[in-house]
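Subject: Structure handover

Hello,

Here is the structure for you to take over. My notes on what was found follow below it.

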Amino acid sequence: MTDEPLVLGIETSCDETGVGIVRGTTLLADALASSVDLHARFGGVVPEVASRAHLEAMVPTMQRALDEAGVTLADVDAIAVTSGPGLAGALLVGVAAAKGYAVAAEKPIYGVNHLAAHVAVDTLEHGPLPEPAIALLVSGGHSSLLLVDDLATGVTPLGSTIDDAAGEAFDKVARLLGMPFPGGPPIDRAARDGQATIAFPRGLTAAKDQAAHRFDFSFSGLKTAVARWVEARERAGEPVPVNDVAASFQDAVCDVLTAKAIDACRQHGVDTLVIGGGVAANSRLRVLAEERAAKVGIRVRVPRPKLCTDNGAMVAALGSHLVAAGVRPSRLDLPADSAMPLTLVSV
Amino acid sequence: MLVLVLDTSTPAVTAALADVTPTGHTVTAELRTVDGRAHGELMAPEIDEALRKSGASVRDLVAIVAGTGPGPFTGLRVGLVTAASMGQALGIPTYGVCSLDAIGGVPGQVTLAATDARRREVYWAIYDQAGTRVEGPHVDLPDVVAAKTVAVAVGDGALKYADRLGVKVLDEPRYPVVDTFVRLAAERILAGAPSEPLTPLYLRRPDAVAAGGHKSVLP
Ligand SMILES: [Zn+2]
């Protein structure tokens with residue numbers, strides 16, 4: 001097999017059905033079907049609704065990816081699929097489909113870690129990743145800091161959220177402010193017209209938290225503080241300065257995320273920070289990370305927004321990296337593992 | 001004509017191969033493991049093993065028959081998405097058969113076929129003396145089903161609630177039968193009928209509650 005393998009990636013860990021195709025680190029196709037609109041009225045992703053949508057979308061999304069790349073399943077060298085972490089029922093649709101494609105096309109299969117795939121996707125945009133690197137992954141489902149020693153075999157978790165994911169906090173605050181789900185984009189837009197004048201708490205940044213939670217996050221207290229602030233205003237009969245609340249909340253989240261990410265880089269003597277996940281599309285997070293990293297000589301790599309959110313390309317990118325690194329494929333009985341540990345890049 | 005049969009509507013995870021000809025059909029390999037929690041792990045290795053046992057290549061397949069349920073959702077989807085993805089990859093048609101029909105009726109007797117729907121309910125259908133489905137598929141509490149007039153009951157759901165159904169329950173068939181799947185799809189297979197979308201018979205809406213208003217955080 002060449003070091004430019006043609007790899008197909010399947011992603012179904014949450015509400016996006018994604019099929020991506022890469023050759024080496026070149027993106028050939030990135031087909032996506034989202035069930036996000038079906039979840040909007042529930043204010044969050046409903047697992048069974050997502051699973052049903054994955055089943056319906058799988059075959060057409062695969063077809064679009066193959067057409068877009070101008071290849072057939074017979075052409076691919078390997079099939080990669082997110083085997084975890086994520087919603088159990090949703091993962092299972094993708095894993096079973098990947099096995100069906102692998103058996104029918106007689107191809108090797110790689111069950112891969114969703115979070116490692118969020119890191120790998122950046123290679124499609126910025127080329128090979130310098131190792132070690134620090135990765136900050138933030139979305140509605142996860143908020144993690146990782147030390148990436150070797151993307152093919154070893155990722156070390158440094159910290160993660162101890163309550164809500166960052167994206168979840170965006171969703172909840174957006175709902176509080178009467179904005180639609182998902183909350184990231186509307187808060188980002190409102191914040192541009194506001195001032196970060198309200199001092200909301202920065203979770204787990206106090207001196208006493210440094211020992212046990214230096215690289216962990218907490219957004220539950222922040223969310224409650226915003227709710228209290230808004231409600232106090234409403235009870236006093238005063239108007240709520242929605243844009244300022246959005247800007248202040250967003251600033252609190254991005255301040256903590258970037259401060260801890262830079263701290264992790266310095267602690268481990270690493271000069272590359274990769275940011276991924278849906279929240280990486282946040283404009284304030286990008287600016288603040290660049291600003292702070294530049295001051296200490298750290299290079300920030302953030303893929304374009306479409307690659308930051310969940311997609312099949314990221315799974316294909318990691319699969320391609322694994323094939324090129326000579327990692328052995330997974331067995332056909334590989335499980336969907338909703339709690340797949342970060343230390344496992346593939347199974 | 002070599003046909004793959006898949007069914008994951010019950011704890012019996014089933015993959016089988018059958019040879020279908022105008023004069024009849026033979027099941028050449030049948031893999032079945034009863035484990036309601038491992039559909040995803042068991043299905044693909046079973047297909048692999050069925051092909052090996054039959055000395056066949058996956059490229060020999062001309063069609064795939066899949067049980068469309070009803071059945072517990074998560075497991076049911078495994079068989080359907082496997083059938084759909086393989087059909088797409090191989091460019092061969094897929095045909096759906098209601099999984100309760102593959103348990104079916106006892107010849108000459110009005111039969112209740114019922115499988116375990118969990119949550120203390122059963123998926124069920126009723127078949128007349130000729131084996132034609134005359135009611136269902138539905139999902140209900142056993143007591144609702146017990147009010148129906150039938151001569152005999154079959155299926156793991158009937159066995160589980162035998163004491164509440166008030167009718168004679170046979171030990172077999174307990175799960176959908178491969179031979180019956182093939183028989184019910186044979187006409188379509190032989191005619192080369194157009195591929196069918198494999199739509200699962202969920203019979204229940206997803207559990208989901210619409211987000212309510214914001215709850216107060218102030219005392
Ligand atoms: Zn993600």
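Chain A is assigned two domains: domain 1, made of residues 6–121 together with 311–324, and domain 2, residues 130–305. Please keep in mind throughout that this is a predicted model.

Domains of chain A

The centres of domain 1 and domain 2 of chain A, taken over C-alpha atoms, are 27 Å apart. Their contact involves 17 residues of domain 1 of chain A and 16 residues of domain 2 of chain A. Between them the two domains bury about 1,300 Å², and 79% of that area is on carbon and sulfur atoms. On the domain 1 side, A:L115, A:H118 and A:V119 account for 40% of the area buried against domain 2 of chain A, more than any other three residues.

There are zero salt bridges between domain 1 and domain 2 of chain A. The polar contacts between these domains come to one residue pair, with both residues at pLDDT 80 or more. Three helices of chain A, α1 (36–39), α4 (114–120) and α13 (312–324), each supply at least two residues of the domain 1 side that touches domain 2. Of the elements on that side, α4(A) gives the most, six residues. By residue type, the side of domain 1 of chain A that touches domain 2 has eleven nonpolar residues, six polar and no charged.

Chain A against chain B

The contact between the chains takes in 36 residues of chain A and 39 residues of chain B. Chain A and chain B bury about 3,100 Å² between them, with 67% of it on carbon and sulfur atoms. The residues of chain A that lose the most area to chain B are A:R52, A:L55 and A:A104, which together make up 19% of what that side buries.

Two salt bridges are counted between chain A and chain B. One salt bridge joins the side chains of B:R77 and A:E48, at 2.9 Å from N to O.

The helices α2 (47–69), α3 (88–105), α6 (166–176) and α9 (220–235) of chain A each supply at least two residues of the side that touches chain B. The most comes from α3(A), with ten residues. That side of chain A divides into 20 nonpolar, six polar and ten charged residues.

Annotated spans

UniProt, in an unreviewed entry, lists "domain: Gcp-like" for residues 27–316 of chain A. This span of chain A is 50% helix and 17% strand, and its end C-alpha atoms lie 9 Å apart. For chain B, an unreviewed UniProt entry gives "domain: Gcp-like" for residues 37–140. Here the chain is 33% helix and 30% strand, with the end C-alpha atoms 22 Å apart.

Backbone points to check

Most residues other than glycine have a negative phi, and most peptide bonds are trans.

- A:G84 and A:P85 are joined by a cis peptide bond with omega of about -10°; A:P85 sits in the loop between β4 (78–84) and α3 of chain A.
- B:G136 to B:P137 is a cis peptide bond with omega near 0°; B:P137 is in strand β8 (residues 133–140) of chain B.
- B:R120 is not a glycine, yet has a positive phi of about 65°; B:R120 is in the loop between β6 (111–116) and β7 (122–127) of chain B.

Regards

Conventions: Residues numbered from 1 in each chain as written. Chains lettered and ligands numbered in written order. Predicted model: local features only at pLDDT ≥ 70, side-chain atom pairs only at ≥ 80, totals over all residues. Heavy atoms only, no water. Domains from an automatic or database assignment. Contact = heavy atoms within 4.5 Å. Buried area = accessible area lost by both parts, 1.4 Å probe. Salt bridge = Lys/Arg side-chain N within 4 Å of Asp/Glu carboxyl O. Polar contact = N/O pair within 3.5 Å; in protein donor to acceptor, adjacent residues only side chain to side chain. Helix = DSSP H or I, 4+ residues; strand = E, 2+ residues; numbered from the N terminus. Nonpolar A, V, L, I, M, F, W, Y, C, P; charged D, E, K, R; others polar. UniProt positions renumbered as here; feature names shortened; annotations may be inferred.
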